[in-house]
Structure formats: C-alpha cells, structure tokens
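Please open the structure in your viewer and keep the selection tool at hand.

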Amino acid sequence: MNPSLSELLERAKCLVNQTTTTTTAQLPVELTLPEVLQKADEMHTRLAGQSMDSQRTIQMFSQNGIDMPKMTRKVQNLQCMIFEPDEMPDTDVPGLLQRMQQKSIIDIIEETNANVFKTIEKRRWQWQFQEWEDEKQRLFNEFEQSDTKPAAVAMSNAATSSLNRVKQLYAQEIISYNECQQRRVSLLSTFTQIAQQQLHDEQVTMMWEVLEHMAKESSSCIKARQQSPQFAQQALLYVEQGYRQYIRGILKRSGIGFKCGGIPSVYHKVKMFVCIKLKEWQSLIDFVDVVRRRPLWPLVFYSLRCGHLPSAVQFLKDWDDPQPELRELLELMHQIKADPKLGKLNSHYDRLKLRLSNEYKERLSQSSDPFLKAVFAIVLDCDPVNLHGQVLQSLDDLVWAQLMLRRDLQTPLGISDVEGMMHYAYGSNYLNIAGTIPIFFQLLVLTGHFEAALEYLSRTEANEVHAVHMAIALNELSLLGVASNELEPMLGSHPDDAAVLCRLNVMRLIINYAKRFEETDVYEAMNYYFLLRHYQSIDGSSLMLNVIGEFMTRNFRPQMLDLMFGKPDPNEPTVYAGGMLDRLPSTNFDKNALASKLAHDLTKRCKYEAAIEMHLITGQLDKAMDLMCCLLAQMLHINSPKENLRMILTKLTYRLYSGGAPCTLFLSSNEILAFKLLSKLMKFFDLFHAGDYDQALKVLDDTELIPKSYLEVDFCLSKVKMLGADAVKVLPNVLLSTMKIYFRQYKKQKSQQSGAMLLLRERAKVLINFAAYLPHRLPPNINMRLVKMELQMQDN
C-alpha cells in the first residue's frame with residue numbers, strides 16, 4: 001500500500017533530524033535575524049491560500065533549496081512541448097515551383113518596367129536639356145543681331161536702301177554670281193579686284209590680297225592645309241615678297257636706288273638698304289667680318305629675309321668666304337627650293353647642317369654680332385629659344401622666322417603661338433589697338449587659321465562686311481572648315497579635330513549679316529540666303545527654305561506674297577509666276593516646298609488666310625479646302641466689316657470654288673459637298689445680316705438642311721448625319737438664325753390675321769421638333785433661345 005503524503009513528510013523529517021544531529025550540534029544558520037524575518041515573510045506569502053499538504057510540500061522542498069513555483073512552470077512547459085503536435089511538412093512541390101516561377105516572372109517584369117522608366121526619364125531630360133540649349137543659342141543669336149541691327153523699316157514705306165556703297169558692290173557681285181550658274185568665276189578673285197580698284201583702302205586691299213595668295217595652295221581639308229609644306233612655302237613666299245616691296249619703298253623714298261638707272265637686282269637693293277641702315281647704327285663695334293665699313297652678316301640676313309639665296313651666297317664670296325660650309329649649305333638650299341625632291345635624297349645637306357650646328361653651339365653662339373647669330377640660328381634651326389630681338393624687330397620678321405624654322409619640321413603654328421607673337425610685338429593689349437586688326441588677320445591667314453582670322457575680323461562693325469564676303473568666297477571654293485548647323489558657336493571645333501583647328505559657322509555669319517537689310521533690300525537678302533541652299537538645318541530640313549520661310553512668316557502681307565511668288569494667273573488661280581523666287585536660279589522645284597512650309601508655320605501662328613494662299617500656291621487643294629471649311633464653320637455667323645478676315649475668306653472661297661476641275665481630282669465627294677454647303681450657308685448669313693429674309697430662306701431651302709414640315713424631318717436628319725464635323729459646328733447658328741427669321745416675320749404679320757402666321761407657327765414647331773431629334777446636343781443657351789421664341793409665337 002502506498003504511503004500517504006503525511007507519512008512521507010514524517011519520514012523525511014526523521015531523516016533530516018538524524019542527519020543534522022550526527023553532523024553537528026548546532027543548526028546550520030548563516031543569516032541575521034532581519035534576513036530570517038524577511039525570509040519568513042516571503043514563505044508566509046507564498047504559503048497563503050495553499051492547502052495543508054501543499055504548504056508542507058513547499059516547506060519541505062524550500063528547506064532543500066527547491067523553488068516549487070518555478071518547478072511547476074517548468075513542468076507545464078515540458079508538457080506543452082511533449083503534447084504539442086508537430087507541423088506537417090509541405091510536400092506540394094509542383095505548386096511551390098509554380099509559385100517560384102510566377103514570382104520570378106513578376107520580378108523580371110517589374111525590373112524591366114523600372115529600367116524602361118529610368119531610360120525614358122533619362123532621354124526626356126536629355127531632350128529637354130538639348131531643347132533648352134538650342135533655345136539659349138537662338139536667343140544669343142538674336143541678341144547679337146539686335147546689337148548692330150538698325151531700326152526696321154516697313155517694306156511698304158522703304159524708299160531707300162539700307163546698304164552703303166561697299167555693301168552694294170559686294171551684293172551686286174553676289175547676285176551676278178548666283179545668276180551665272182553655268183560659267184562661274186572665282187568670287188575670291190572678283191572681290192580682290194573690287195578691293196584693289198574701287199574700295200581705295202590699303203588695309204582692306206592687303207587683307208584680300210593675302211587671302212587670295214594663300215588660297216592658291218590651300219586644301220579643302222583644314223588639317224591638311226596646316227600640315228602641307230606647300231602651304232608653308234606659299235606663306236613664306238608672301239612674307240619675302242612683302243619685304244622686297246618694303247625695301248623697294250625705302251629705296252624709292254631715299255632716291256639712292258635710282259641714281260644708276262635701270263632695274264637693280266636684289267643683290268644691289270640689299271646692299272643699298274644696308275647702307276641706309278648703317279646710318280641708324282651708331283657704331284660697328286659688335287659686328288664681325290667688316291670690310292670697308294660694311295658688315296657682312298646684315299647683308300646675308302637681309303638677303304635671306306628677301307628670300308633670295310643667291311644674293312646671300314654672292315655676299316659670302318665677295319667677303320672672301322669666311323664660312324665656306326655655310327655658303328655650300330645655302331647653295332644646296334637653293335637647289336632644294338627649286339626641286340623639293342632633292343631634299344629627301346641629299347645626305348650631304350644633313351651632314352653640313354649638323355657640323356654647322358655644332359660649330360654654332362660651341363663658338364658662334366657667343367659672338368657679339370646679332371646678325372651672325374640670327375643667320376645661323378634661322379638657317380640651321382639650332383637655337384629656338386633665342387628671339388633675336390635686335391634683328392627681328394617687327395611682327396612680319398617674327399612670322400618669317402617661325403616659318404623658316406618650320407620649313408623642314410612641317411609643324412603647324414597654333415593659335416597660342418600666333419597670340420604669343422602678337423604679345424611679343426605689341427604687348428598684352430594688342431587686340432585693343434586698331435592698327436593691329438589687319439596685321440593680326442594677316443598673321444592668322446599666313447599660319448593657316450582662315451576660320452579664326454575671319455571670326456576675328458567680323459568682330460568689328462567696319463570690317464564685318466569684308467569678313468562675311470571673305471567667308472562666302474572661301475566657302476564657295478570649299479576651303480573652310482564649316483560648322484555642322486547654324487546653332488553652333490561662331491568659332492568652334494569638332495571632337496575629332498586637332499587642338500589647333502577651328503571651324504567657322506559660315507551659315508550663322510551669312511544669316512546675321514543678311515537679316516539687317518532683309519526688310520529694305522529683299523532681293524539682295526534672298527540672294528545671300530540662296531548661298532545656304534546646300535546646308536541643312538539642325539532638324540534636317542533645308543536651311544535656305546527655313547530662313548526664307550521665317551522671314552516671310554514675320555513679314556507676311558499681300559505685298560510680300562506678290563513680291564516673292566508673283567501674281568496668280570487669271571486663267572489658273574493656283575498658278576503664281578513672276579515673283580522674286582522665280583528669278584533665283586534652280587529654285588523652281590523648291591518653291592512648292594517653301595510654300596508648304598510657310599502654310600504650316602502660318603497655320604501655327606493663326607494666320608489662316610495666308611496659310612490658305614500658300615496651300616493654293618502649292619496646289620494642295622485638299623488642305624486648303626479643309627482649312628477653309630474649318631474657318632467658315634467658325635466665321636459664317638459673324639456680321640463683320642468688309643476689311644476683315646471673313647471678307648478675305650470670301651475672296652479665297654470664290655477662287656477655290658472657281659477652280660472647278662482640279663477640285664474633283666484632289667477632293668472626295670463628301671469634302672466637295674461640305675464645302676458647297678458651307679458656301680451656301682455663308683450666302684445665307686450674308687442675306688440674313690442684310691435683312692433680306694425671303695432670299696435667305698430660299699438659299700436655306702436649297703441646302704435641304706432645315707425642314708419646313710414634319711414630313712421633311714427624317715430626310716433632313718439623315719442628311720445631317722452625313723455632314724462632316726465642320727458643317728455640324730455651324731448648325732446651331734443656322735437653327736438660331738432661322739428661328740429669328742420666323743419670329744421677325746411673325747411680328748410683322750401680327751396685325752394681319754392670315755394663314756401666314758399659322759404657317760410660321762407650324763414651321764417654328766417643326767424646327768423645335770427637328771432640334772430635339774438632332775444626334776448632336778445643342779448648346780444650352782441656343783436651345784433656350786429657340787424654345788423662348790417659339791413659345792412667344794404660340795402665346796401671341
């Protein structure tokens with residue numbers, strides 16, 4: 001029999017007492033009295049509300065260090081863990097794979113959509129930025145034009161030209177050049193002759209001459225132009241010829257060169273020129289190789305400066321040949337200059353040059369004679385750092401020295417090199433010196449920078465006219481690097497171009513120039529715009545048509561139409577002839593394209609009557625008809641003065657309607673029907689506003705649009721359903737005007753009791769019934785007015 005809990009408790013106490021009595025005589029208490037009291041209170045609190053057995057059990061386990069409440073919670077947790085059922089594993093593998101596949105597809109779609117949205121947003125902003133940049137560049141161009149553009153003169157009142165004498169000379173040559181398409185002459189030669197014979201300006205003549213001289217050896221490729229040895233030789237030849245003329249002028253003013261008679265050679269000219277120079281030199285102390293008070297090396301230097309090597313060789317022989325190797329080198333240079341192919345095969349020339357270079361570095365570079373050092377340094381190209389300021393005293397001398405140093409290296413001069421020369425010759429403010437403009441232009445042309453020279457020349461108002469025509473002349477010869485569109489900067493470069501190369505925006509230069517007199521000298525401006533016929537605008541369309549189209553859109557008036565396109569043929573209203581565009585060569589095929597573009601632009605600017613004229617010029621009767629119907633639907637019901645848009649539409653309507661046969665070729669039957677209906681309605685409104693109500697109703701009866709009785713309602717409704725959108729727009733105004741006619745006629749018949757009043761009442765009811773069955777809802781105000789007038793007729 002199992003013992004009870006009380007028996008087990010007694011046995012446990014006995015065992016505890018036996019254990020404690022055997023081990024020690026005292027109780028193992030290590031707590032103070034307050035701690036014992038606290039523990040007792042805690043025990044009392046825990047035992048409160050428990051049964052006697054539970055209290056005894058807790059007391060027994062507490063004496064052995066066991067916390068019963070904690071033990072109870074642990075047992076409960078253990079039971080939950082034991083008796084809680086396990087989750088069944090998911091064995092739906094096909095469903096799981098399907099869900100994973102669907103999730104992957106959704107993720108791919110979402111990622112694709114996100115990438116598409118990002119790409120669209122990126123491209124939208126790129127397009128927006130490009131549009132802003134184009135608009136900014138257009139505004140900059142307009143600001144540049146407004147700075148120098150004179151006040152606009154109305155074309156009808158323009159009795160005088162805006163072109164001065166110089167501009168008229170250039171414009172006449174441009175017109176002649178455009179007219180002579182088959183047997184053209186060089187504009188560059190023509191303009192140079194004009195500068196020499198009629199402009200009477202030495203600086204302008206000099207600029208044209210240097211440009212013509214350098215264009216002879218120029219290449220259509222700007223990169224090849226600056227790296228061509230022939231181009232450098234041509235520039236060197238120009239500089240040397242210019243110095244010969246300078247020496248000749250000095251001798252002529254002094255009178256020394258004409259005492260012996262005859263034509264002196266370069267040898268004698270240089271000798272006499274040095275004699276004049278000796279008077280400026282205070283002493284000959286620093287010079288070497290002086291014979292009878294005549295130094296050798298100035299004679300050699302100025303012979304080289306004139307480009308005459310035989311004279312330099314002759315001077316060396318006359319002075320007992322102090323440098324035989326130099327004389328031999330100069331002779332070889334003269335032979336190579338005559339036949340450039342020898343320079344690649346003559347090794348003796350290279351050996352002589354090397355020995356003389358070593359001698360210069362070891363001994364001659366320390367010489368006191370500046371001309372000796374300049375001759376050796378320039379001929380041998382062995383001292384590029386030394387600027388030889390005592391000898392090279394002008395910008396022309398610096399250019400000649402740089403070209404001589406680069407005759408074998410074939411390295412082009414960059415813009416920075418050219419500006420460095422200007423800074424050395426004139427100081428940091430050289431661009432502000434008025435006299436340096438032709439000199440700087442000449443320097444840029446000689447070094448192959450045609451584009452930079454023309455852009456620099458166009459900055460000043462006095463020289464802009466010359467810069468524009470120089471650019472035109474070179475561009476017609478395909479000798480300029482040109483920008484890709486008219487919105488690029490005036491002087492820029494392409495990513496593929498080298499650092500020293502520039503491109504000129506010839507299109508923008510011509511447009512800015514011609515816009516200043518396009519309103520007063522239209523024909524001259526059109527000839528300048530004709531030069532742009534081979535270029536395309538940034539949107540791919542013809543630049544010439546765009547510029548002319550913008551001009552006509554801004555200044556469109558009947559006089560402009562007659563001036564540009566001519567007058568219509570009385571027999572063929574859509575054929576225009578005798579205008580300014582017909583005088584321009586090879587533009588007959590472009591006239592229709594220009595008129596079509598003008599029609600589009602004028603429509604956007606709400607100049608509809610002008611747009612219809614342009615459609616008639618191009619023969620696009622369908623577009624003219626559509627635009628005409630749209631305008632008639634908007635303007636038919638307005639009682640406007642004669643000199644307004646509606647009267648112009650009336651004339652155009654007559655012209656279009658009188659075409660007859662062409663309309664049937666280009667238009668459908670529905671379009672012709674709608675146009676005829678609107679034409680009749682226009683006549684109806686004319687009679688209505690004039691007060692001729694009987695004739696107005698007759699015209700309205702011809703349209704078969706408004707019923708007069710209940711029997712005609714279905715027929716008129718079927719006809720309304722066949723009308724186009726333009727005819728439907730005018731229908732509410734037709735109903736309102738018709739009801740007004742009935743109401744006013746009814747008021748006149750009020751005093752007379754006759755059948756006419758009953759007929760008018762009946763027609764008013766039919767009109768209201770017809771309006772109620774219309775497939776298109778009438779405006780509320782018109783519907784209210786119709787009902788109001790009909791009720792007034794019935795009440796009376």
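Is valine 93 buried, partly exposed or exposed? Please note at the outset that this is a predicted model. Select valine 93, which lies in helix α5, residues 93-148. Valine 93 has a relative accessible area of 49%. Because buried means under 20% and exposed means over 50%, valine 93 counts as partly exposed.

Now extend the selection to Leu96, Leu97 and Met100. Together with Val93, these residues form a nonpolar patch on the surface. The accessible area of the four together is about 370 Å².

**A covered helix**

Select residues 506-514, which make up helix α22. How many of the residues of this helix are buried? The count is nine of nine, and helix α22 is thus mostly covered. The buried residues of α22 include Arg508 and Asn512 as well as Val506, Met507 and Leu509. Ile510, Ile511, Tyr513 and Ala514 are also buried.

Rolling a probe the size of a water molecule over the atoms shows where empty space is left. A search of the whole structure finds four cavities of 30 Å³ or more. The second largest cavity has a volume of about 100 Å³. To find this cavity, select Asn386, His388, Ala401, Gln402 and Leu405, which lie nearest its centre among the 12 residues of the lining. Two elements give two or more residues to this lining, namely α16 (370-380) and α17 (395-405). Which of the elements gives the most to the lining of the second largest cavity? It is α17, with four residues. By class, the lining of the second largest cavity consists of eight nonpolar, three polar and one charged residues.

Side chains of opposite charge can pair when their charged atoms come close. The structure holds 12 salt bridges, and three of them are visited here.

Begin with arginine 305 and aspartate 397, which form a salt bridge with their closest N and O atoms 2.7 Å apart. This pair links distant parts of the chain, since arginine 305 is in helix α12 (residues 296-305) and aspartate 397 is in helix α17, 92 residues apart. Both arginine 305 and aspartate 397 are buried.

Next, select glutamate 331 and arginine 327. Their salt bridge has its closest N and O atoms 3.2 Å apart. Why are glutamate 331 and arginine 327 separated by about one helical turn? The reason is that they are four residues apart in helix α14, residues 324-338. Glutamate 331 is partly exposed, with a relative accessible area of 28%, whereas arginine 327 is buried at 19%.

Then select glutamate 704 and lysine 719, whose side chains meet in a salt bridge at 3.7 Å, N to O. Glutamate 704 lies in the loop between α33 (693-703) and α34 (713-721), and lysine 719 lies in helix α34, so the pair ties together parts that are 15 residues apart in sequence. At 38% relative accessibility, glutamate 704 counts as partly exposed.

Keep glutamate 704 selected and consider its backbone. Most residues other than glycine have a negative phi, and most peptide bonds are trans. Glutamate 704 has a positive phi of about 55 degrees although it is not a glycine.

Now move to serine 478, in the loop between α21 (461-476) and β3 (491-492). Serine 478 is not a glycine, yet its phi is positive, at about 60 degrees. With a relative accessibility of 44%, serine 478 counts as partly exposed.

Select leucine 616 in helix α28, residues 608-618. Is leucine 616 buried or exposed? Leucine 616 counts as buried because its relative accessibility is 1%.

For the last stop, select phenylalanine 684 in helix α32, residues 669-690. Phenylalanine 684 has a relative accessibility of 0%, and therefore counts as buried.

Definitions and conventions: Residues are numbered from 1 along each chain as its sequence is written. This is a predicted model: local features need pLDDT of at least 70, side-chain atom pairs count only at pLDDT 80 or more; totals for chains, interfaces and linings use all residues. Side-chain values use heavy atoms; hydrogens and water are left out. Patches are made of residues with over 30% relative accessible area and no salt bridge: like charges are joined within 9 Å, nonpolar side chains (Val, Leu, Ile, Met, Phe, Trp, Tyr) within 5 Å. Accessible areas come from the Shrake-Rupley method with a 1.4 Å probe; for residues, only the protein chains shown count as cover. Buried means under 20% relative accessible area, exposed over 50%, partly exposed in between (1.4 Å probe, protein chains only). On a 1 Å grid over the protein atoms alone, a cavity is a set of points where a 1.4 Å probe fits but cannot get out, and a pocket is an open set with protein on both sides within 12 Å along at least five of seven lines; lining residues have an atom within 4 Å of a point. Grid points are joined across faces, edges and corners, and a volume is the space filled by probe spheres set on the points. Ala, Val, Leu, Ile, Met, Phe, Trp, Tyr, Cys and Pro count as nonpolar, Asp, Glu, Lys and Arg as charged, and the others, Gly among them, as polar.
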